[in-house]
Amino acid sequence: MKNLWNDAEAAAFKGDLGLRVYTSRLLGRDKSLVLHGGGNTSVKIREPNVVGEEEDLLYVKGSGWDLEFIEEAGFAPVRMAHLVKLVRLEALSDPQMVNELATHTTRAAAPAPSVETILHAILPHKYVDHTHADAVLSVTNTADGERRVREIYGDSVVVIPYVMPGFDLARLCAERFPAEAGKRTIGMVLMNHGVFSFGASANESYERMIRLVQMAEDYLARNKAWTLPAARNGGGGSQRLKIAGLRRDIARTAGFPMVMQVHRNARAFACRADVAQLSQQGPATPDHVIRTKRVPMLGGDVAGFAAAYRGYFERNAPLAREPKTMLDPAPRMVLDRELGLATLGRSAKDAAVVADLYLHTIEVIERSAALGEYKALSEKDIFDVEYWDLEQAKLRKSGRPPVFAGEVALVTGAASGIGKACVAALIARGAAVIGLDLDAAVEDLHPGSGYCGIRCDVTAKDAVEIALECGVAAFGGVDMLVLNAGIFGGGTPISQLRDDAWRRTMDINLDANLALLRECHPLLRLSPNGGRVVVIGSKNVPAPGPGMAAYSASKAALTQLARVAALEWGADGIRVNVLHPDAVFDTGLWSDEVLAARAAHYEMSVEQYRRRNVLRTEVASRDVAELAAEMCGPLFARTTGAQLPVDGGNERVI
Ligand code: ZN
């Protein structure tokens, strides 16, 4: 456990709140302390209000902020005087608590204060830090966790048994803390939940957190429970149909498609003889459950998982304080001996978050098991958090999902021109996109987890095979295929057309697309919403140009191939349509020389040539890409085998 405090870095943060921001980010930077919105921090500050009265405020982490990236605006200032009165109440419902926190926050634009606000308020220290440190959870989540915690920490922490976070936990701590805290107390361990530290300065509170977690790490090391079993990668041949089939089954049960990521480094855990006993208990800390569900599915029996989930809901819902509506019963995690860990979410980012949470959980579980026995909370305790309205509200904030949420597209020729614009148009509509291109620039086309760029020669069978395996492992399948890669190879009359130039154009524009269609067909068939193919054809199909024999013939054959695919694949629910762009000059095909030569061929200036269409307009890559994306969407749900021009109107075509 590394102390990341750095005096020079800290000097850039001014005032009590500034340093609160700094050490919150330090906690957030260490994934073994907090993950994805987990944990929270606060600082108590006395400051004058607008009428000049001094007021004690608790600046506490706002909901929706991640500690790693938090700013001053991410802390909500709440009146201390009111918070310490609230904790004396016998009971406070969630809606009441939310209301009291919101109405006693002194900045209208502040985020909703953390659900642990009252708990932060009652701890008599200026700075309070709270994490879900893996090492501490590895100790608390064991059969005799409390004895072990007391052995490690003695009187340096107050130990609080598990209670649901929120008002009940704050109330219990308000009772226990003053009774049990002594001179040497520097923190508080919440069984099966996490750890608090506190201090008079940001540095002191942070340093104590690091010290407390280090003590747990040392204890694990002393008990030979720190070093994890070696990861097991590789193994097995092609898995892409198994992955896509599993994703389709899960989507059917969920009622919507999800991105599925495969993490083969978890195979060692998935292959443990005791994996069922270890994995079917519950999460390491309760707030993971809203993203991960209580347990992963073991193997591929989705119906069995859903039935078990319904049973869990029916057993626990009647015990809840208010009536509950069941969430979808589909898993968000799968443990499989061949695949390792597969995680699911409505976006690639969500699936990646689930993976982060569970890969850490596996470490906690394996260390707890090495200590003796992993023991999670009861299913009722987990249920209460999964169906806690304040937790579900965090997910609802993301609003209505975009049109291609949970769907996966593959675009060829993705590094430039129409392909690059297609990637952007599909990502903008919420799809996860696999981009293929010969150009290495394809690898870094988009930041973030929703894009996977793979350098690939689409005419090389082995390279396509590897790209499909990688792409499907990254996102779970292929729902939309945009066949865009192609070469122009034009400007040569038939009398001078060499065999090798003809062959090369056919290889790239036709043969490679046949292979891609054939290889992607089984994946498209498994698409939860039905597969879609958009072929980028050319105006040269309906209206060929002289000197364009190879290009025109290759695109005409490709169009015919697409029409046959539309016929053959209709029964599989796969739609195949063709776009015929013309004169899209912002693409890799059109160098200045080619443009000048074609303009000269038609006895026009370059400017005239750019707009030589009925509408006298320019057609850009983006125009083609937007239509390609729409053709994959609901607007064209009843259209297959169609050919649509995107050419500004061409007299020879009309
Ligand atoms: Zn917590």
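Two strands pair if DSSP finds at least two bridges between them. Strands (E, at least two residues) and helices (H or I, at least four) are DSSP runs, numbered from the N terminus. Keep both terms in mind for this tour.

This is a predicted model: local features need pLDDT of at least 70, side-chain atom pairs count only at pLDDT 80 or more, and totals for chains, interfaces and linings use all residues. Residues are numbered from 1 along each chain as its sequence is written, and side-chain values use heavy atoms, with hydrogens and water left out.

**Stop 1: the hairpin**

Select strand 6 and strand 7. They form a hairpin, with three residues between them. Click Asn 192 in the turn: its phi is positive, about 55°. The pairing of strand 6 with strand 7 is antiparallel and runs over four bridges. Now find Val 189; opposite stands Val 195 in strand 7.

**Stop 2: the other neighbour of strand 6**

In which sense does strand 5 pair with strand 6, parallel or antiparallel? The sense is parallel, over four bridges. Val 159 has Val 189 as its bridge partner in strand 6.

Next, show helix 8 (residues 167–180). Strand 5, helix 8 and strand 6 make a right-handed β-α-β unit. Right-handed means that, with the strands pointing away from you, the path from the first strand over the helix to the second runs clockwise.

**Stop 3: two faces of strand 6**

Turn on side chains. In a regular strand, side chains alternate between the two faces of the sheet. Gly 187 and Val 189 point one way from strand 6, while Met 188 and Leu 190 point the other way.

**Stop 4: the zinc ion**

Select the zinc ion. Which residues coordinate the zinc ion? They are His 130, His 132 and His 193, each through NE2, at 2.1 to 2.2 Å. Donors are N, O and S atoms within 2.8 Å of the metal (3.2 Å for Na, K and Ca); water is not among the atoms, so sites may look incomplete. His 132 sits in the loop between strand 4 and helix 6, and His 193 in the loop between strand 6 and strand 7, 61 residues apart. Both His 132 and His 193 are buried.

**Stop 5: Ala 409**

Jump to Ala 409, in strand 12 (residues 408–412). Ala 409 counts as buried because its relative accessibility is 0%. Gly 477 is 68 residues away in sequence, yet 8.5 Å from Ala 409, C-alpha to C-alpha.

Conventions. Buried < 20%, exposed > 50% of the residue type's maximum accessible area, 1.4 Å probe, protein only.
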